[in-house]
Amino acid sequence: MSTTASQVPHSVTWPVTGAWREGDPVGDRRFVELPGIGLELGGELAGVRLAYETWGTLSPARDNAVLVLHAMTGDSHATGMPGPGHPSAGWWQGVIGPGLGFDTDRWFMVCPNVLGGCQGSTGPSSPAPDGAPWGSRWPVTTIRDQVAVEFGFADALGIDRWAAVAGGSMGGMRALEWALCAPERVQRMIVMAASAEASADQIGTCSIQIDAIRSDPHWLGGDYYDDPVGPHVGMGLARRVAHLTYRTAHEVDTRFGRAWQGGLDPLRGGQFAVQSYLQHAEDGLRARFDAGTYVALTAAMNSHEIGRGRGGSRAALRRLRAEPTVIGVDSDRLYPPHQQVELAEMLGVDPVVLQSERGHDGFLVEVDQVNKALAAALA
């Protein structure tokens, strides 16, 4: 059942820095309350709330709905300006709207905040059945668990079949699992800057970020929600590592070189400009994100493997019924384009490769190329 802003309870009052809380401004969010689910690795969640936003109009036949799935640090606010309820502008500005790649004159766009998230959906910072934050009790959840919850979400919206399911990075993993777990419910699948499975390199990079957070003395095993500080240092380190992988070495070297920040020699107490840049990225995330969610979603990305229990990737993809589009970024060093080429080859289609100096984030910022690719996928 969907709830309105006036129906959102206001009983939870613990401090959760970087996470949406009960009683915070709702903004454009809507909410769906879902029954509990059993989890892939065992255990269950007694009940789940998903926050979501929509754009456009659902057709009378309910056949024009497109599910947009965000990357790890995204949320339901795919497009729109910052304001009450939304700590930052939409992460896909210029892609969703009238006449754009996701043309809201034609399509009904739906973007939920993922299971485990911290912007209105049930996650580690949310109240468990006893009313206290889940914290250390948050169960291990996988990409397939995220998608299983979204099945119930689609049912609650009365959408039996998506005209398309699209996402980039972690969202691309979810798009793949949607098309494989419920092939009859997905007409088109659009996977951007993602792969058939997490590689050793990606798992290694993600694991370092998880360890950075868990090593923070204010992590407190995940039960830091009453702590006035919280694991900010650990999450800051994790964010800096991640942010470098989202960009390219050439961009960072060209943009910053060995320049000093503020004119003070780094050998005499100052810092390099690139250090200040990474700290700015760290501060921006801390203001809107929860460390428990960072750990939970990063671990879920490590679980990504479409061939698990299906006889391998090629065998898994044989169950696909959706029309596939695979999009990569030529300079992506986190999910390098050879992974999209391999996925496209297994699907028997030609990949679309975006040209960008921005690395992994190219699928977010190269809006003209993205719009062209989406228009072709949805033609």
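**Close-up 1. Tyr277, a buried ring in a predicted model.** We're looking at a predicted model here, and Tyr277 counts as buried, with a relative accessibility of 13%. The cut-off for that label is under 20% relative accessible area. Phe256 is buried too, and its relative accessible area is 13%.

**Close-up 2. Phe256 meets Tyr277 in a tilted pair.** These two rings form an aromatic pair, with 4.8 Å from centre to centre and 40° between the planes, which makes the pair tilted. Phe256 belongs to helix α5 (residues 249-256) and Tyr277 to helix α6, so the pair ties together parts that sit 21 residues apart in sequence.

**Close-up 3. Helix α4 crosses helix α6.** Here's α4 (residues 232-246) alongside α6 (residues 273-286): their axes come within 9 Å and cross at roughly 120°. That angle makes α4 oblique to α6. As for handedness, α4 passes α6 in a right-handed crossing. On the α4 side, the contact is made by His232, Met235, Gly236, Arg239, Arg240, His243 and Leu244. On the α6 side, look for Tyr277, Leu278, Gln279, Ala281, Glu282, Leu285 and Arg286. Sort the residues of this α4 and α6 contact by type and you get six nonpolar, four polar and four charged. Tyr277 turns up again here as part of the α6 side of the contact, besides being the ring that pairs with Phe256.

**Close-up 4. Trp134 and Trp138, edge-to-face.** The count of aromatic pairs comes to eleven. In the one shown here, the ring centres of Trp134 and Trp138 are 5.7 Å apart and the planes stand at 85°, so the pair is edge-to-face. The cut-off behind that call is an angle over 60 degrees between the planes. Both Trp134 and Trp138 are buried.

**Close-up 5. A cluster of rings.** Trp91, Trp92 and Phe102 are linked into a cluster by ring pairs.

**Close-up 6. Arg174, a buried arginine and its contacts.** Arg174 sits in helix α2 (residues 170-181). Its relative accessible area is 0%, so Arg174 is buried. Leaving aside residues up to four places away in sequence, Arg174 touches Leu69, His70, Pro112, Val114, Ile143, Gln146, Val147 and Glu150. If you're picking out side chains by type, Glu150 is one of the charged residues that Arg174 touches, while Leu69, Pro112, Val114, Ile143 and Val147 are among its contacts and count as nonpolar.

Definitions and conventions. Residues numbered from 1 in each chain as written. Predicted model: local features only at pLDDT ≥ 70, side-chain atom pairs only at ≥ 80, totals over all residues. Heavy atoms only, no water. Axes fitted to C-alpha atoms, helices over the stretch in contact; angles between N-to-C directions. Helix = DSSP H or I, 4+ residues; strand = E, 2+ residues; numbered from the N terminus. Parallel < 35°, antiparallel > 145°, perpendicular 65-115°, else oblique. Left-handed = near helix turned anticlockwise from the far one by under 90°. Contact = heavy atoms within 4.5 Å. Phe/Tyr/Trp six-rings, centres within 6.5 Å; stacked < 30°, edge-to-face > 60°. Buried < 20%, exposed > 50% of the residue type's maximum accessible area, 1.4 Å probe, protein only.
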